[in-house]
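Please keep the structure open while working through the numbered points.

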Amino acid sequence: MLLVALFAIALPSFAARTVMVFGDSLSAAYNLASDQGWVHLIGERIARSHLPWRVVNSSVTGETTAGGLRRLAEDLKRHKPAIVVLQLGANDALRGQPVAGMRSNLEQMIRLARQARAEPVLVGVMIPPNYGIDYTAEFRDMYPQLAAKHKVALVPFLLEGVADRPELFQPDQLHPTAQAQARIADNVWPALEPLLKKSPGSPPGK
């Protein structure tokens, strides 16, 4: 079943720009209330920092890079974001899909975001080593390689400080609990904050 989490947190300003989080269940607050998820917590942090941004969560449980590529253009048109946080790939990897295909899909999404005048933020994820050492390493390395190639901000590992703590996962051992969400937000914030503080229209990387 596909569960779409769509919400916005905004400052009371007509000039607020939009951050769109575009991910899978790791961003869709799977099995949690939407206000418990890390995306909502990022929105609260933005509001506390008095930054003129709102957050829209366009994440879909079960989403793959291919599915994300199919729907990204429409979501860009609908929400008109200035920043797009791309958090996809975990479901592809858990199904053993070729890394080359994921890489191509993510590259196309980066290009689509920039064509829509949005700055991408790429979120890295990892998979357990039981998928094979070579495959696991190739998947892990895909994110920093893409970030370097396309000069986009990178969250090195979404679940840093969470992945090695079983008590921070729901019974399926795949989805973090509510208690883990603040740490996940902390992992995303260093890549996102500099972009939030950039002047409108600044070129990427400036």
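1. Leaving out residues up to four places away in sequence, Phe-22 touches Ser-58, Ser-59, Gly-68, Arg-71, Leu-72, Asp-75, Val-84, Val-85, Leu-86, Gln-87, Leu-88 and Met-109. The model is a predicted one. Phe-22 itself lies in strand β3.

2. Is Phe-22 buried or exposed? Its relative accessible area is 0%, and because buried means under 20% relative accessible area, Phe-22 counts as buried. One of its contacts, Leu-86, stands 64 residues away along the chain, yet the C-alpha atoms of Phe-22 and Leu-86 are separated by 5.2 Å.

3. Val-85, another contact of Phe-22, deserves a point of its own. Apart from neighbours within four places in sequence, the residues in contact with Val-85 are Val-19, Met-20, Val-21, Phe-22, Trp-38, Val-121, Val-123 and Leu-192. Val-85 also belongs to the lining of the second largest cavity.

4. The structure holds 2 cavities of 30 Å³ or more. At least two lining residues come from each of β3 (17-23), α1 (38-48) and α6; α1 gives the largest share, with 3 residues.

5. Which residues of α1 are buried? They are Trp-38, Val-39, His-40, Ile-42, Gly-43 and Ile-46. After α1 comes His-50, which has a positive phi, near 60°.

6. The largest nonpolar core contains 57 residues, and those with the most contacts inside it are Trp-38, Ile-42, Ile-83, Val-85, Phe-139, Leu-158 and Leu-196. Helix α6 contributes the largest share of this core, 8 residues. In soluble globular proteins, nonpolar side chains tend to be buried together.

7. Leu-158, named in the previous point as a core residue, is found in a loop, between β8 (153-155) and α6 (181-196). Not counting residues up to four places away in sequence, Leu-158 touches Leu-26, Trp-38, Gln-87, Val-123, Gly-124, Val-125, Ile-184, Asn-187 and Val-188. Between Leu-158 and Ala-185, which are 27 residues apart in sequence, the C-alpha to C-alpha distance is 8.6 Å.

8. The largest cavity has about 40 Å³ of space. Its lining is made up of Ser-25, Leu-26, Ala-29, Tyr-30, Leu-32, Gln-170, His-175, Pro-176 and Gln-181. These residues divide into 5 nonpolar, 4 polar and no charged. Leu-26, which is part of this lining, is also a contact of Leu-158.

9. The largest pocket holds about 480 Å³ of space. How many residues line the largest pocket, and which of them are closest to its centre? There are 21, and those closest to the centre are Met-126, Pro-128, Leu-159, Gln-173 and Leu-174. The lining of the largest pocket comprises 14 nonpolar, 6 polar and 1 charged residues.

Note on methods: Residues numbered from 1 in each chain as written. Predicted model: local features only at pLDDT ≥ 70, side-chain atom pairs only at ≥ 80, totals over all residues. Heavy atoms only, no water. Helix = DSSP H or I, 4+ residues; strand = E, 2+ residues; numbered from the N terminus. Contact = heavy atoms within 4.5 Å. 1 Å grid on protein atoms, 1.4 Å probe; cavity = no way out; pocket = protein on both sides within 12 Å on 5 of 7 lines; lining within 4 Å. Points joined across faces, edges and corners; volume = space filled by probe spheres on them. Nonpolar A, V, L, I, M, F, W, Y, C, P; charged D, E, K, R; others polar. Buried < 20%, exposed > 50% of the residue type's maximum accessible area, 1.4 Å probe, protein only. Core = buried A, V, L, I, M, F, W, Y, C linked by side-chain atoms within 4.5 Å.
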